[in-house]
Amino acid sequence: MTQHSRPHSGTYLSFSQHDWAQLRNSVPLTLTNSDLDDLRGINVNVSLQEVSDIYLPLSRLLNLIINSQQSRSAVLEKFLGNYPKRRPYIISIAGSVAVGKSTTARILQALLQRWPEHPKVDLVTTDGFLYPLEELQKRNILHRKGFPESYDVRHLVEFVADVKNGKQDVKAPIYSHISYDRLKDAHINVNQPDILILEGLNVLQTAREDTASGHSQYVSDYVDFSIYVDAPQHLLKQWYIERFLHFRDTAFSRPESYFNHYANLSDEQAHETAGHIWDTINGPNLVQNILPTKNRAALVLKKGADHLVQQVLLSK
Ligand SMILES: Nc1ncnc2c1ncn2[C@@H]1O[C@H](COP(=O)(O)OP(=O)(O)O)[C@@H](O)[C@H]1O
Ligand SMILES: CC(C)(COP(=O)(O)O)[C@@H](O)C(=O)NCCC(=O)O
């Protein structure tokens, strides 16, 4: 274990994959057959060895931190004489498009909900808070999807604040990668979970300086623990292209898909198209708006080839 400097707030402890994996020895829960089925259902490409080595120790760390926060709240409530009101613990997961945020979030959800202290774990992705397609077109920012100005930040912050304040039945909009738009008639209902996992490109971002809306609260004001999933840019581009090729063979071939016209691209054309989208939209967004937020995270997972985590940084 070594130390790394963390420009804005102290230092990180650094663990190699091997050292971090040793910490799983103290995880009392092991994976049952039904857990394994759940995890395979999330993504067949996820290695179960990786789940044991990386994500089980992480779930234990989070369990310990959450337990200590729950005890602290109970003490405070007892001291103040109020009826204990438990507020959801909020974990955010940031990182580039295609780094594996949603896969990481779903693995953590599956693992965290097995702990008796916090069985109800909800998951929301911030892409639901992108402005609807029509609005993006009206503002002429369709080519800026994923950039800060493409999100309804006010709505997102209001949502997170409501969940944190223990409001019942808080609704989150849902984004569809098939229609490339927010779903009109569906939403996720978040009803006083023990934990909310909030995943998205922008969860570590603060309000834009140029904003006219004047919102002064950030998602991070309500987040208890933040994770950044990191990987070298050449791998991110490769993973984006591979996912695009997969979508070409599955989602894009559905008639209701916004990208239906991509379904018939040859391998070479699909490569070129996805590479172009990466180079003109997702790559620049990463460099300009996502990477600069990395050092705000409490924990960084650094991936290498095949999505395998090679290093874990934990803020002291
Ligand atoms: N741990 C993992 N092991 C193997 N493949 C993964 C892993 N995480 C993500 N992937 C693959 O990488 C691509 C991007 O993952 P995804 O979770 O959709 O990323 P994001 O939500 O960050 O855009 C997908 O094709 C997914 O199957
Ligand atoms: C909706 C997104 C901003 C969100 O990214 P994700 O949830 O995949 O990390 C992204 O998938 C996207 O649509 N980017 C715009 C360019 C593109 O079509 O990839």
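The loop and its ligands

A: Gly95 counts as buried because it has 29 C-beta neighbours inside 10 Å (the cut-offs: buried means 20 or more other C-beta atoms within 10 Å of the residue's own, exposed means 12 or fewer, partly exposed is in between, and C-beta atoms are placed from the backbone). Keep in mind that this is a predicted model, where local features need pLDDT of at least 70, side-chain atom pairs count only at pLDDT 80 or more, and totals for chains, interfaces and linings use all residues. As for labels, residues are numbered from 1 along each chain as its sequence is written, while chains are lettered from A and ligands numbered from 1 in the order in which they are written.

Gly95 sits in strand β3, residues 89-95 (helices are DSSP runs of H or I with at least four residues, strands are runs of E with at least two, both numbered from the N terminus). Setting aside neighbours within four places in sequence, Gly95 is in contact with Lys101, Tyr228, Val229, Asp230 and Ile290 (contact means C-beta atoms, placed from the backbone, within 7 Å).

Next, Val99. You'll find Val99 in the loop between β3 and α4 (101-112). Val99 is buried too, because 25 C-beta neighbours lie inside 10 Å. Again leaving out neighbours within four places, Val99 is in contact with Val229, Ala231 and Leu236, and Val229 is also on the contact list of Gly95.

Now for what the record says. An unreviewed UniProt entry has a "binding site" annotation covering Gly95, Ser96, Val97, Ala98, Val99, Gly100, Lys101 and Ser102; such positions are given in the numbering used here, feature names are shortened, and annotations may be inferred rather than shown by experiment.

Ligand 2 has Val97, Lys101, Asp127, Lys145, Gly146, Leu201, Ile277, Ile281 and Asn282 around it. Helix α8 (residues 267-290) supplies the largest share of that shell, three residues.

One more residue is worth a stop: Val46, in the loop between α2 (33-42) and α3 (48-80). The C-alpha atoms of Val46 and His307 are 8.3 Å apart, though 261 residues separate the two along the chain. Val46 is partly exposed because 18 other C-beta atoms lie within 10 Å.

Zooming out, the chain has eight helices and 10 strands. Its radius of gyration is 20 Å, close to the 20 Å the globule rule gives for 316 residues, so the chain is as compact as a globular protein of that length (the radius is taken over C-alpha atoms, and the rule is 2.2 Å times the number of residues to the power 0.38). Buried residues make up 34% of the 316.

Methods
Near = placed C-beta within 6 Å. Contact = placed C-beta atoms within 7 Å.
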